[in-house]
Amino acid sequence: MDFNTKFTPHTWPDHPEQATMEGKNKVVGFWIFLACEVVLFASLFATYLALKNKGPAGMEFTTQSLFELPLAFAMTMLLLTSSLTSVYAIYHMRNFNFKAMQTWFGITLLLGLGFLGLEIYEFYHYVHKGFTFDQSAFSTAFYSLVGTHGFHVTLGLVWISTLMIRNAKRGLNLYNAPKFFVAALYWHFIDVVWVFIFTVVYLMGVIG
Amino acid sequence: MSSHDTPIVAKSQAQYEYDRHHNAVHMRKQVVNFAIMIFFTFIAFAVVAADFSKYLIFPLILLLAGVQVVLQLYSFMHLEDKKTHFGGVIGFFMWMGILIAFTFFLAFLTIIWW
Amino acid sequence: MSSYTQKKGFGANVWDYITTVDHKKLAVMYLLAGTLFFAIAGFEALLMRIQLMKPNNDFISAGFFNELLTMHGTTMLFLAATPLLFAFMNMLVPLQIGARDVAFPFLNSLGFWLFFLGAVFLHLSFFMGGAPDAGWTSYASLSLYSPGHGIDFYVLGLQISGAGTLISGLNFIVTIITMRAPGMTFMRMPLFTWTALVSSALILFAFPPLTIGLLMMLFDRMFGGNFFDHTMGGNTIIWEHLFWIFGHPEVYILILPAFGLFSEIIPAFSRKRLFGYSSMVFATILIGFLGFMVWAHHMFTVGLGPTANAIFAVATMAIAVPTGMKVFNWILTLWGGSIKVTTPMLYALGFIPSFVAGGVTGVMQASAPLDYQLHDSYFIVAHFHYVIVGGIVTAIFGSAHFYWPIFFNRMLNETLGKLTFWIFFIGFHLTFFVQHFLGLMGMPRRVFTYMEGQGWDQFNFISTIGALMMGVGVIIMVINCLLSIKGEPAGRDPWGDGRTLEWSIPQPIPFYNFRQTPLVRGLDPWWIEKQEGNKEMTFAEPVGDIHMPNNSAIPFVISLGMFIAAFGALYHPDADKPWSIYILIGGLAITFGAMIFRSVKDDHGFHLHKEEILEIEEHLYGKGGNK
């Protein structure tokens with residue numbers, strides 16, 4: 001199939017992300033990759049749980065003294081909402097509405113940036129208190145887990161913005177539709193991981 | 001054009017309008033799911049803020065997180081869509097990953113101590 | 001004459017191999033790289049055996065012995081067995097399922113280059129201040145305090161080559177799921193493809209824990225982390241868990257494709273379809289699944305408590321059940337068959353008893369109380385070499401003889417092949433059989449020498465003689481391979497007993513594999529066609545344009561960036577090397593720059609037109625051939 005075929009809303013396939021063999025492979029492959037990421041994050045989570053609140057004798061930092069619910073709540077709301085906005089983007093992608101898709105992805109980016117900003121503020125705040133990466137086993141495990149998630153957010157932001165800029169002038173076709181779809185899948189997965197981070201790290205941390 | 005590609009056909013106006021409507025209905029369902037997720041998040045934060053018993057909070061917020069994840073996977077990530085290519089195989093791999101992940105948690109919480 | 005049929009110069013050929021995305025060329029590259037590292041690791045083993053030939057030997061120093069045992073284990077598992085099996089998977093899986101290439105040809109190339117440069121990085125340690133010396137398991141309590149950069153080479157080299165392995169595994173999974181030819185249902189796939197699928201799934205789930213474990217070691221050793229430092233609240237047991245969560249599936253990652261290879265060889269030379277195909281598939285999946293539930297049997301003596309030990313002991317013993325199913329299926333395939341004892345078949349016949357012996361000692365160790373006796377003794381060494389050499393290496397050697405015509409369109413010499421088998425096989429049993437007794441007599445593993453008068457001298461001497469015989473066997477095999485260059489072209493289905501799709505393709509295989517996608521009408525499709533007197537497969541489509549991927553140098557550049565960045569990370573903790581951080585950033589910049597370049601630049605592949613296909617086929621097979 002010629003990837004440069006021009007479409008109208010009437011000829012645009014129902015599942016443009018899986019209309020070509022490359023698209024099918026990409027979507028299946030990306031899901032399989034996400035299954036691998038589940039295990040990757042599980043290793044980090046399990047290690048965090050094993051090392052939670054562990055440190056050198058007389059360590060002053062615990063999850064209860066460190067974490068604050070309002071900040072975690074704000075971050076959660078930002079990321080959850082960005083998940084919905086990327087659903088909107090894919091909705092418009094399937095309707096062959098390029099402008100609306102770009103707009104919704106743009107909103108997703110802004111929300112993601114907001115989340116990242118709050119996370120950087122949080123880390124800065126902790127480091128300022130003396131809770132640095134090499135302070136204890138707990139701090140190393142905490143920064144590794146939440147930092148790996150933050151790294152994924154950063155990658156997602158770079159990825160989605162690269163796609164938006166690259167395709168800004170040429171609109172949708174069957175070559176880039178799977179790319180947008182897969183980037184959205186990645187963004188949802190980041191949200192899935194965050195659901196567990198706010199539950200297991202922050203909420204269960206505040207309880208103790 | 002290989003045998004793996006979907007042929008391009010122009011839809012009739014009626015078909016087009018039907019598909020558009022179908023997509024719009026589907027999108028409304030997504031918004032409802034989003035509302036459920038936000039609601040669950042509120043409950044999770046509320047029970048923690050209200051400082052109930054640990055034995056109520058832990059299972060409850062873990063359950064809420066689990067439901068949220070299933071909603072994300074099947075609704076937001078379109079896994080429930082029957083037209084997803086090899087959706088069953090994808091689901092199998094995801095659940096396999098989740099099962100293996102569960103054994104990590106079990107092991108790291110029970111047989112790592114001191 | 002089109003560009004496809006022209007002869008190329010040497011430089012153009014090298015460039016072609018660096019940029020290729022063709023699964024057949026990558027398979028050859030995996031084969032060559034795997035053989036290189038197999039030779040290196042084998043040489044390390046010989047040095048160790050010579051040191052242990054007599055008591056109180058001073059052939060090599062204790063420190064160098066530690067480096068050798070570490071590098072032997074690491075290299076054999078990650079850099080020899082894995083790529084050699086990947087060579088077969090790369091070559092055979094697309095051919096067996098009737099595909100023109102893997103699902104992601106670009107990633108296939110990336111996987112190879114990451115693996116290869118990671119492996120080179122690890123081996124540079126020998127010349128740059130000493131190799132890793134904490135064993136292939138690199139337990140944190142030992143490796144955290146290892147001076148020098150040896151462990152850093154281990155961590156970074158495995159991180160890079162592990163990423164390559166993971167990418168290739170993912171690629172195989174998607175290829176097998178989505179790229180099967182019409183009619184090739186899951187339950188008609190050749191067993192090698194099935195085992196490749198399950199073993200790739202194991203790679204997918206087992207390598208992330210290793211990646212995380214290595215990342216933690218990286219943080220602890222180079223960036224001030226505290227995961228494993230008990231004075232800071234860390235816990236070294238976490239490394240052991242993460243390593244074995246990876247490490248145990250890893251042995252199934254290697255043995256399952258070996259099972260698959262034998263499941264191809266045995267029916268071919270029994271001239272009979274595989275007995276119990278569906279139970280074989282079921283057993284493969286079950287082994288894969290159970291492989292994830294048993295890792296702590298490597299840690300019985302850590303002190304996990306009786307409950308945990310009992311659970312893992314029972315789960316471990318359960319794996320013997322599906323494995324036993326497989327063994328009986330192979331025997332029943334042989335039963336009543338018209339058996340032809342060729343070199344590959346000899347390896348298969350030698351494999352069954354050797355592997356069963358290794359499996360039985362495995363069940364012995366699964367019993368936790370007995371494991372306290374056997375732990376860290378030569379009994380363990382004997383056990384896993386029986387499984388790995390008796391299972392994986394015989395599979396690789398046997399299928400090298402079996403599939404040589406698919407790889408190179410040449411046959412290996414049968415006489416030399418059988419000679420190799422007997423020398424290698426006898427040497428293998430001499431080396432490792434006596435090690436069971438050494439273990440029961442109390443000889444610990446990983447010691448560089450021993451005192452005389454403990455009754456160990458004679459067995460160690462026999463073991464060394466056996467190891468030298470294995471070395472001789474390998475050398476004869478390499479000579480056989482080199483001689484085949486001058487051999488006659490083998491042609492299509494040279495054994496005459498091919499059953500699956502890969503044998504139906506005319507030789508030499510064109511780069512697009514199948515001129516027309518075949519139609520699969522049952523298990524062993526080529527056998528079915530031959531039984532019906534057909535000279536060709538039934539095709540699913542007329543001759544038409546073929547879409548093929550473009551070559552690309554980007555995978556090499558991405559991997560090179562990682563290779564450079566690894567040196568930056570390696571020297572990061574050294575106070576006298578402030579420039580290291582720039583190397584780290586520069587390397588990562590190359591990698592990410594190449595990735596963004598790849599993302600921004602469209603790559604649609606190209607179409608091979610009908611006329612060009614006919615021209616290529618005429619060039620390959622002569623006028624009028626293969627219509």
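Predicted model: local features only at pLDDT ≥ 70, side-chain atom pairs only at ≥ 80, totals over all residues.
Which hand does the crossing of H6(C) and H7(C) have? Left-handed.

Helix H7 covers residues 191–222 of chain C. It packs against H6(C) at an angle of about 155°. The two axes are 8 Å apart. Angles over 145 degrees count as roughly antiparallel. That makes H6(C) roughly antiparallel to H7(C). What sits in the contact? By class, there are 19 nonpolar residues, seven polar and two charged.

Now a second pair in chain C. Helix H2 takes in residues 23–51, and helix H3 takes in residues 62–97. Their packing angle is about 155°. Their axes are 7 Å apart. H2(C) and H3(C) are therefore roughly antiparallel to each other. The crossing of H2(C) and H3(C) is left-handed. The residues of this contact divide into 25 nonpolar, six polar and two charged.

Stay with chain C, and look at helix H11. It runs over residues 343–366.

Two backbone details in the loops of chain C. Which peptide bond is cis? The one from C:Gln507 to C:Pro508, with omega near -10°. C:Pro508 sits in the loop between helix H15 (457–483) and helix H16 (525–531) of chain C. Next, C:Ser138. Its phi is positive, about 50°, although C:Ser138 is not a glycine. You will find C:Ser138 in the loop between helix H4 (105–124) and helix H5 (140–143) of chain C.

On to chain A. How many helices and strands does chain A have? Six helices and zero strands. From the N terminus on, the order reads α-α-α-α-α-α. The C-alpha atoms of chain A fill a box of roughly 70 × 30 × 25 Å along the principal axes.

Now the interfaces. Start with chains A and B. The contact takes 47 residues from chain A and 49 residues from chain B. Which of them gives the largest share? H1(B), with 14 residues. By class, the chain B side that touches chain A has 33 nonpolar residues, 10 polar and six charged.

Then chains C and B. Here 16 residues of chain C are in contact with 12 residues of chain B. On the side of chain C, helix H6 (150–178) and helix H8 (237–270) each supply at least two residues. H8(C) gives the most, with four residues. The chain C side divides into nine nonpolar, six polar and one charged.

Definitions and conventions
Residues numbered from 1 in each chain as written. Chains lettered and ligands numbered in written order. Axes fitted to C-alpha atoms, helices over the stretch in contact; angles between N-to-C directions. Parallel < 35°, antiparallel > 145°, perpendicular 65-115°, else oblique. Left-handed = near helix turned anticlockwise from the far one by under 90°. Nonpolar A, V, L, I, M, F, W, Y, C, P; charged D, E, K, R; others polar. Contact = placed C-beta atoms within 7 Å. Expected span 1.5 Å × (residues − 1).
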